[in-house]
Amino acid sequence: MTSDKQQMTKLWYKNAIFYELHIRAFCDSNGDGKGDLPGVVSKLDYLQSLGVDCLWLLPMFPSPLKDDGYDVADYFHIHPDYGTVDDFRRLVAEAHARGMRVITDLVLNHTSDQHPWFIESRKSKDNPYRDYYVWSETDQKYTDARVIFVDTEPSNWTFDPQTGEYYWHRFYASQPDLNYDNPEVAQKMMDVLRFWLDMGIDGFRADAVPYLFEREGTNCENLPETHVYLKKVRAMMDAEYPGTILLGEANQWPHDLRPYFGGDENDPTVPGDEFHMAFHFPVMPRIFKAFKTENSADVIQIMRDTPSIPENAQWCVFLRNHDELTLEMVTEEDRQFMWREYAPDPKMRLNLGIRRRLAPLLDNNRRKIEAANAILFSLPGAPIIYYGDEIGMGDNIDLFDRNGVRTPMQWTGEKGAGFSTADPATFYAPLIDDDTFGYRRVNVAAQKTDLDSLWHTMRKMIAVRKAHPVFGNGDLEFVPHDNPAVLAYFRRDARETILVLVNLSATAQKITLTAGDLMKAPPYDIVTGEPVAPDGTSLWLQPYQYRWLHIG
């Protein structure tokens, strides 16, 4: 293998298509009403045909499921609902045989209160495991740290009557935070990483990483100690498991996120030594705002505020995922606007966000859904698709917490939606069964036979993006013009220039460019393959129309 090919293989994540799936929600192989690992294996050909490069699996560990698996009770086994460690090994092998990679969620910050470590920790103040967690005689420490789950938790401290002290948690009280100041804890978590990496997985999505350490007088986020530890994790993975990645979940502003990549903030040619990838949280709500305001300004501004990152690093961009559509990284004015426009029913709101899926958020407007995905697939970064969004699945806001966006995958229009042979009344969650998003109307089988379906459009968009590496590796340059309803930007590398145009409006819009923008040769649309004839230096876009134009 040449050095160039070796480098491309090593940097596979920079132009990969990620697909996030909830094992419990995807496919049930044994008829118990819950998805499982063999069920995922049975659908790998489907994911391969869609164009997926890497699966991201939500937590699969033993858990009391008070937070859908993010409350881990055992880091070294598989939840019995999902199967066995051998089932997981088979999934990894079968995915690799199809040219796909697999990353799993790793919950670093906290455990379940049912984890043996915490059970021991709360037995007595002198228990050997006491220092695995953060305890205090008072609940007045770290008062500058915000409460994240504002709807359910009044404090980051919970009193434990068994030992008469308080324990620290950034999320639910049933999720006590680990104490990374304890070297034993830091080493134990390294052992967890090695255990799963030894099975051949391709990396981790690291959950809630800004909160690993606590220091008085700070907001207990993004502390220097956190970066020191993560650099150790990265060094271990690069040395012992080359080609694997660490994808960080850090819901922060771009300038606070930049240190998580490591390297030199003033010189992107210096390799990163922390996260390989990180989610770009702030751009996501601004995409949704842009469609309501029919104005591209906020998307442009947040991308201009995004610092450069090391050449061996990459952003992850997304429209929706398993959590609420977070509104933490917007102003209070914009938060109220987004709630008013996208969550008029109070049941649609959760914490500082909106618990809805993509299609309902975008009024089930097919053109608008495609336009949003056109932005997702053309912005800098590797795009993530949330399971079911490729067919426009709906949600159930009557379910608890985020469960409304974690309902069973809709494979067919038959009883059980092809998800399970069990009685649907026994499913872990009810199927979507309304007139608009119900499984009889919205399902994979129906869309695969309809060449004009959303599924086929998504499949084509993925294929086009993968055929043009400029989307993963190229520079971003916004096009100056006088129509804010059109989002316009170049993606450029040494081989080609693509002009991306997206009409954010429900009405036809004209954009006037300079003669140089369109070059001398007529541009052509790389999605349709058709030439585009400008009206001089102007182009018309129909409502919510997008264009990916090859112009050089």
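Which helices and strands each supply at least two residues of the lining of the largest pocket? In this predicted model, the contributors are helix H1 (3–10), strand E10 (314–318), helix H17 (470–473) and strand E15 (475–478). Among these elements, H1 gives the most, with three residues. The pocket holds about 1100 Å³ of space. Its lining comprises 35 residues, of which Lys14, Gln314, Gly472, Asn473 and Gly474 are the closest to the pocket centre. By class, the lining of the largest pocket is made up of 15 nonpolar, eleven polar and nine charged residues.

The second largest pocket has a volume of about 280 Å³. Residues that line this pocket include Asn364, Arg366, Ile369, Thr436, Arg441 and Asp450. Four nonpolar, five polar and three charged residues form the lining of the second largest pocket.

The largest cavity contains about 440 Å³ of space. It is lined by 29 residues, and the closest to its centre are Phe149, Phe171, Glu249, Asp323 and Arg402. The lining of the largest cavity divides into 13 nonpolar, seven polar and nine charged residues.

For the second largest cavity, the volume is about 50 Å³. Helix H14 (366–376) and strand E14 (382–386) are the elements that give two or more residues to its lining, and the largest share, three residues, comes from E14. Among the residues that line the second largest cavity are Leu319, Arg320, Asn373, Tyr386 and Asp389. Here the classes divide into seven nonpolar, one polar and two charged residues.

The packing of the interior comes next. In soluble globular proteins, nonpolar side chains tend to be buried together. The largest nonpolar core of this model has 166 residues, and Phe18, Tyr19, Phe88, Trp196 and Trp548 touch the most other members. Helix H7 gives the most to this core, with eight residues. A second, separate core of 13 residues includes Val486, Leu513, Val532 and Leu541.

Thr226, His227, Tyr229, Leu230, Val233, Arg234, Met236 and Met237 are buried in H8. The cover over these buried residues includes helix H7 (183–197), strand E7 (203–207) and strand E8 (245–248).

Technical notes: Residues are numbered from 1 along each chain as its sequence is written. This is a predicted model: local features need pLDDT of at least 70, side-chain atom pairs count only at pLDDT 80 or more; totals for chains, interfaces and linings use all residues. Side-chain values use heavy atoms; hydrogens and water are left out. On a 1 Å grid over the protein atoms alone, a cavity is a set of points where a 1.4 Å probe fits but cannot get out, and a pocket is an open set with protein on both sides within 12 Å along at least five of seven lines; lining residues have an atom within 4 Å of a point. Grid points are joined across faces, edges and corners, and a volume is the space filled by probe spheres set on the points. Helices (H or I, at least four residues) and strands (E, at least two) are DSSP runs, numbered from the N terminus. Ala, Val, Leu, Ile, Met, Phe, Trp, Tyr, Cys and Pro count as nonpolar, Asp, Glu, Lys and Arg as charged, and the others, Gly among them, as polar. Buried means under 20% relative accessible area, exposed over 50%, partly exposed in between (1.4 Å probe, protein chains only). Contact means heavy atoms within 4.5 Å. A nonpolar core is a set of buried Ala, Val, Leu, Ile, Met, Phe, Trp, Tyr and Cys residues joined through side-chain atoms within 4.5 Å.
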